[in-house]
Amino acid sequence: MQEIKAYVREPMLDHVVDALAAIPGLPGIAVVHLREFGHAVEDGRLVKTEMAKLEIDVPDELIESVIETIVEHARTGEGHPGDGMVFVSELREAVRIADGTRGDAALRRRV
């Protein structure tokens, strides 16, 4: 199991989320709207950038398709500084609160 945190430009958010929603078996996406300091301009100052953070917990078999989808749909044109970042961390455990299901099974949608 992996946790993906992706920071994307706010104007690209719907485009990215729509593309991710088309991935079969994706358990869900948490979206947090941010005002981030971190996009450096030419003189080295950090400026506010309207970004969104996506948090997605996925089974290992979906990791590459999720990363590729985010990168493809979050990039502006040929790519620009400030388009965002993707971070991947290993999850040690997942537990679904509703029924106590653990591990990869907790990430799968209930029918």
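**Close-up views of a predicted model**

**View 1. Side-chain contact between T76 and D83.** The side chains of T76 and D83 form a polar contact of 2.7 Å. The model shown in this and the following views is predicted. T76 lies in a loop, with helix 2 (63-74) on one end and strand 4 (84-90) on the other. Apart from neighbours within four places in sequence, the residues in contact with T76 are R9, M12 and D83.

**View 2. Buried and exposed residues of helix 1.** Helix 1 spans residues 13-21, and its buried residues include L13, V16, A19 and L20. These four lie on the same side of helix 1, because they cover an arc of only 140° around the axis. Exposed residues D14, D18 and A21 are carried by the face of helix 1 that is turned away from the buried side.

View 3. K53 is located in strand 3, which runs over residues 46-58. The relative accessible area of K53 is 16%, so this residue counts as buried, the cut-off being under 20%. The side chain of K53 makes a polar contact with the side chain of E55, at 3.0 Å. With residues up to four places away in sequence left out, K53 touches A6, Y7, A30, V31, V32 and L34.

Terms used
Residues are numbered from 1 along each chain as its sequence is written. This is a predicted model: local features need pLDDT of at least 70, side-chain atom pairs count only at pLDDT 80 or more; totals for chains, interfaces and linings use all residues. Side-chain values use heavy atoms; hydrogens and water are left out. Helices (H or I, at least four residues) and strands (E, at least two) are DSSP runs, numbered from the N terminus. A polar contact is a pair of N or O atoms within 3.5 Å; within protein, one must be able to donate a hydrogen and the other to accept it, and residues adjacent in sequence count only if both atoms are side-chain atoms. Contact means heavy atoms within 4.5 Å. Buried means under 20% relative accessible area, exposed over 50%, partly exposed in between (1.4 Å probe, protein chains only). The arc is that of the directions from the helix axis to the C-beta atoms.
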